[in-house]
Amino acid sequence: MLADKLRPFLDRYDELDTLLSDPSVINDISRMTKLSKEQRNLEPIKDAAERYLNILNSIEENKTLLEDPELGELAKDELKALETELPKLEEEIKLLLLPKDPNDEKNIFLELRAGTGGDEAALFVGDLATAYIRYTEERGYKYEIVSSSEGSAGGYKELILLIKGEGAYSRLKYEGGTHRVQRVPETESQGRVHTSAITVAIMPEIEDSEIDINPNDLKIDVMRSSGHGGQSVNTTDSAVRVTHIPTGLVIVNQDGKSQHKNKDAAIKVLKARLYDMQERERREKESKERKDQVGTGDRSGRIRTYNYPQNRISDHRINLTLYRLDAIMAAGLFDEIIDPLIAHYQAEAIANAGL
């Protein structure tokens, strides 16, 4: 019963109240901060649990009054309202009881890479990046280009953005995977539709304390920057290539004019990739042990198709098709896809958690 699952949270909240009044805790700033944060995190569950238990009590009280000649009709009306509110509150509580993703409030690195399709894939990297940037601006996030490698006919062979804002990871974490585009390239004289693909990776920005890298495991090379970036960039050895020897990961950054800043940015991306590798390994291990993968989504296979001739965008994970691709790309209206995705994976997580 849901009420039984809520009791431990209420007991823990009361226990924290007592602890936070203890002089030994008050005088220990570190412990005080930790316990206060835990209590703040419990408040939404505590408030919803109290409302839920009060509704259950009110329902039982009104049932006993149904046969009362004076209060029966009033009890009947109130019972109807309470029984309508109860299932809505139950769904809200189920979401609150789901384990929190520790990365949800973090900034992210959004990495786009051209795949099959040559120049057309690189052009679509640029188009999709522009749409994502519009989306970040609509949500009040900030962004910066961390690294870029331009395509020979425009667009980008690779582009990495740092997106900063509360909840950035929680909103964009399901964007990772292969994105397929179907359209007539500008260079196509016969008007034939071509299919190209790019990959998107979403990685949380990692604090220095979360990933420890041994400096001896890094090979750092400096070189002359190439491509567009201004004369001052192209005439200094500001580009940095960082190789992580144990994994073979290579990060190249040349977008800044400062060698020091390029090195720092490259190492930040490296830490994000190492963390992402560790998380993937952990999820695969859990998947094998539990025979399923709860609430992570398919982050490697083809997840979405952008069909320009039909003005159609389709997300294959939830069988969602919208015939307004032009508006979504022009204004960055990705919430029309992201909201249903989040609802889908939350429903899956609730079912798998047995709530």
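I counted 10 helices and 11 strands in the chain, taking both as DSSP runs numbered from the N terminus (helices H or I, at least four residues; strands E, at least two). The model is predicted: local features need pLDDT of at least 70, side-chain atom pairs count only at pLDDT 80 or more, and totals for chains, interfaces and linings use all residues. Residues are numbered from 1 along each chain as its sequence is written, and side-chain values use heavy atoms, without hydrogens and water.

I then looked up the overall extent. Along its principal axes the C-alpha trace spans about 90 × 60 × 40 Å. Of the 355 residues, 43% count as buried (under 20% relative accessible area, 1.4 Å probe, protein chains only).

Next I examined helix α4, residues 72-97. At 1.5 Å a residue its 26 residues should span 38 Å, and the end C-alpha atoms lie 36 Å apart, which agrees; the expected span is 1.5 Å times one less than the number of residues. Its buried residues include Leu79, Leu82, Leu86 and Leu89. I found the buried residues of α4 packed against α1 (2-19), α3 (29-64) and α10 (335-353), where contact means heavy atoms within 4.5 Å.

Last, I inspected an open sheet of three strands, ordered β6-β7-β8 with antiparallel pairing; strands pair if DSSP finds at least two bridges between them. Because β6 (218-223) and β8 (249-253) are at the edges with a single partner strand each, one side of each lacks a neighbour in the sheet. Six bridges join β6 to β7 (residues 239-244), and isoleucine 220 stands opposite valine 242 in β7.

Definitions and conventions: Buried means under 20% relative accessible area, exposed over 50%, partly exposed in between (1.4 Å probe, protein chains only).
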